[in-house]
Protein chains: 2
Amino acid sequence: MMVWLDDRLQPAAAARIAPTDRGLLLGDGLFETIRLSGGAPSHLSRHLARLSDGAAVLDLPLPWTDAMLAEALAAVAAANPGAGSLRLTVTRGPAPRGLLPPAVVQPTLLITAAPAADPLPPARLILARSTCRNAHSPLSRIKSLNYGDGVLARQEAARAGADDALLLNTSGMVAEATAACLFLRRAGRWITPPVADGALPGIARGLLLEAGFVAEERVTVEDLAQAESAFLANSLGLRAVAAVEGHWMTLPELALTAAARILA
Amino acid sequence: MMVWLDDRLQPAAAARIAPTDRGLLLGDGLFETIRLSGGAPSHLSRHLARLSDGAAVLDLPLPWTDAMLAEALAAVAAANPGAGSLRLTVTRGPAPRGLLPPAVVQPTLLITAAPAADPLPPARLILARSTCRNAHSPLSRIKSLNYGDGVLARQEAARAGADDALLLNTSGMVAEATAACLFLRRAGRWITPPVADGALPGIARGLLLEAGFVAEERVTVEDLAQAESAFLANSLGLRAVAAVEGHWMTLPELALTAAARILA
């Protein structure tokens with residue numbers, strides 16, 4: 001794999017992250033996972049806008065223009081033929097110890113590629129009991145590197161023989177899956193949990209909301225037990241939900257076709 | 001600076017973290033900050049026990065014995081004369097993309113050194129309003145790499161002209177400072193917030209509790225406003241609190257002397 005690091009394309013095996021990088025030591029950074037379609041990043045301007053929003057929350061000034069980032073992404077896509085997605089990671093870069101960022105910040109920009117994933121079968125989900133999302137932290141609204149709760153919930157799902165887990169927030173409202181937003185059909189309407197309840201403002205989620213396909217509405221655990229259908233969506237694609245905690249649902253085949261058209 | 005990485009001592013400038021390391025990409029790892037006293041790690045067995053507890057929470061089997069870790073720490077201390085502390089960082093190592101850890105994990109072990117810090121003047125604290133701690137997540141009880149909330153709160157303190165911030169949990173109870181536990185004198189007794197309210201089970205905190213110097217008790221925002229004295233403690237040392245949100249307190253000079261004896 002060829003990656004972008006330190007302002008240039010280089011083999012992943014040679015690319016070096018410094019052991020003083022705050023992304024590594026403190027989770028001090030952001031990322032975007034971007035689908036490639038015909039070799040080009042999908043919904044790029046939305047990804048770059050979200051990156052910019054996240055950087056503002058972290059008070060992390062980015063030294064790159066959108067055009068520079070687009071060029072670097074295109075270079076990684078071109079250097080990895082057949083890749084299905086790119087991941088753009090920005091950190092606050094190397095620094096002396098301490099939580100407070102140094103006066104002069106030299107952010108790290110890393111872009112990696114991943115193979116296209118096969119379509120996944122309908123997901124059997126559990127409710128995560130090991131942890132929950134903190135909707136009171138602004139980190140729940142940005143794609144920060146602090147993915148520990150997601151990793152814990154995903155491991156819990158695997159131990160239970162499930163495909164993924166839904167995370168509740170600290171008030172017990174449903175927030176999202178470990179790396180995808182949740183869409184639920186309840187009383188004949190498609191809904192998705194609000195950002196205020198801990199849902200990441202996903203790119204796919206935003207497109208489905210703007211298209212009027214789905215409405216933002218709070219989702220309780222009881223709603224899950226009564227849902228007619230559900231699916232997950234993130235920037236890489238859509239996945240039907242087969243069951244949540246043993247409550248089997250009708251596969252949302254027509255809805256997935258319609259959603260895929262909106263996200264194309 | 002000489003660091004330990006990949007089973008050997010090497011110059012920091014040459015040490016390479018892989019761009020696929022899950023510590024960098026997902027905050028999937030742990031750390032310990034260890035004070036050096038006469039060149040030797042203080043309270044080492046407690047630090048290694050906490051690391052082991054954290055690894056169990058993350059379901060991250062560590063391939064090193066305590067003796068191996070002690071040897072690596074000693075090597076870094078010896079290679080950095082005059083260092084005041086070491087930081088031991090463990091991550092789940094390089095992996096393909098995805099939240100679920102790979103079947104075979106090769107954890108990363110990084111040990112770095114930092115100069116001894118000068119004693120700090122009494123701290124003026126604010127209450128963090130930008131974010132809060134999630135006491136419902138097991139990550140609040142281990143020293144995970146997910147330090148984003150601490151970084152946000154520390155930046156907020158700096159913007160307010162304060163030295164540090166106290167974080168509340170999602171229920172509004174006082175948890176801790178951004179990188180230290182809080183000790184408060186209330187009604188003539190020293191208390192510290194319970195782990196269940198989001199306090200990290202700090203090594204210094206544990207020693208002060210075991211010595212009977214302080215009791216674990218819930219701390220409200222009102223308690224802060226009525227506190228007689230307060231101090232912060234972490235593995236690197238003690239720091240008096242001068243004021244919280246403009247409420248000035250008596251400096252706890254005798255208490256700091258007594259606490260320093262317990263932590264020595």
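**Questions on a predicted two-chain model**

Author: In this predicted model, Arg124(B) and Asp163(B) form a salt bridge, with their closest N and O atoms 3.3 Å apart.

Reader: Why is the pair Arg124(B) and Asp163(B) called a salt bridge?

Author: The term asks for a side-chain nitrogen of Lys or Arg within 4 Å of a carboxyl oxygen of Asp or Glu. Arg124(B) and Asp163(B) have their closest N and O atoms 3.3 Å apart, so the pair qualifies.

Reader: Is Asp163(B) buried or exposed, and how do you know that?

Author: A residue counts as buried under 20% relative accessible area. Asp163(B) has 18%, so it is buried.

Reader: And what makes Arg124(B) partly exposed?

Author: Partly exposed lies between buried, under 20%, and exposed, over 50%. Arg124(B) is at 34% relative accessibility, so it falls in that middle class.

Reader: Which residue of chain A meets Asp163(A) in a salt bridge?

Author: The side chain of Arg239(A) meets that of Asp163(A), at 3.9 Å from N to O. The cut-off is 4 Å, so this pair counts as well.

Reader: Where do Arg239(A) and Asp163(A) lie in chain A?

Author: Arg239(A) belongs to strand β14 (residues 237-244), while Asp163(A) belongs to the loop between α4 and β8 (164-168); the pair therefore ties together parts that are 76 residues apart in sequence.

Reader: Why are Arg239(A) and Asp163(A) called buried?

Author: The limit is under 20%. Arg239(A) is at 15% relative accessibility, so it counts as buried. Asp163(A) has a relative accessible area of 18%, so it is buried too.

Reader: How many salt bridges are there over all chains?

Author: A search of the whole structure finds 30. Among them is one between the side chains of Asp28(B) and Arg22(B), at 2.8 Å from N to O. Both Asp28(B) and Arg22(B) are buried. In chain A, a network of salt bridges links Arg186(A), Arg189(A), Glu217(A) and Asp223(A).

Reader: How many salt bridges are counted between chain A and chain B?

Author: The count between the two chains is two. Arg159(A) and Asp59(B) meet through their side chains in a salt bridge at 3.7 Å, N to O.

Reader: Which elements of chain A supply residues to the side that touches chain B?

Author: At least two residues each come from α1 (22-26), α2 (44-58), β5 (83-91), β6 (108-115) and α4 (148-159) of chain A. Helix α4(A) gives the most, with nine residues. By class, this side of chain A has 28 nonpolar, 18 polar and twelve charged residues.

Reader: How many residues take part in the contact, and what area is buried?

Author: Chain A contributes 58 residues and chain B contributes 58 residues. About 4,300 Å² is buried between the chains, with carbon and sulfur atoms giving 64% of that area.

Reader: Why are the two copies said to be related as by a two-fold rotation axis?

Author: Chain A can be laid on chain B by a turn of 180° and a shift of 0.0 Å along the axis, with an RMSD of 0.0 Å. The two copies are thus related as by a two-fold rotation axis. In chain A, the C-alpha nearest the axis belongs to Leu24(A), 2.0 Å from it. The same surface serves both copies, since 100% of the contact residues of chain A recur in chain B.

Reader: What makes His47(B) a buried residue?

Author: His47(B) has a relative accessible area of 2%, so it is buried, the limit being under 20%. His47(B) lies in helix α2 (residues 44-58) of chain B.

Reader: With which side chain does the side chain of His47(B) make a polar contact?

Author: The partner is the side chain of Glu32(B), at 2.7 Å. The limit for a polar contact is 3.5 Å. Residues that His47(B) touches beyond four places in sequence include Thr33(B), Ile203(B) and Ser235(B).

Key: Residues are numbered from 1 along each chain as its sequence is written. Chains are lettered from A and ligands numbered from 1 in the order in which they are written. This is a predicted model: local features need pLDDT of at least 70, side-chain atom pairs count only at pLDDT 80 or more; totals for chains, interfaces and linings use all residues. Side-chain values use heavy atoms; hydrogens and water are left out. Copies are superposed by least squares on the C-alpha atoms of residues with pLDDT of at least 70 in both. Contact means heavy atoms within 4.5 Å. Buried area is the accessible area (1.4 Å probe) that two parts lose on being put together, summed over both. Helices (H or I, at least four residues) and strands (E, at least two) are DSSP runs, numbered from the N terminus. Ala, Val, Leu, Ile, Met, Phe, Trp, Tyr, Cys and Pro count as nonpolar, Asp, Glu, Lys and Arg as charged, and the others, Gly among them, as polar. Buried means under 20% relative accessible area, exposed over 50%, partly exposed in between (1.4 Å probe, protein chains only). A polar contact is a pair of N or O atoms within 3.5 Å; within protein, one must be able to donate a hydrogen and the other to accept it, and residues adjacent in sequence count only if both atoms are side-chain atoms.
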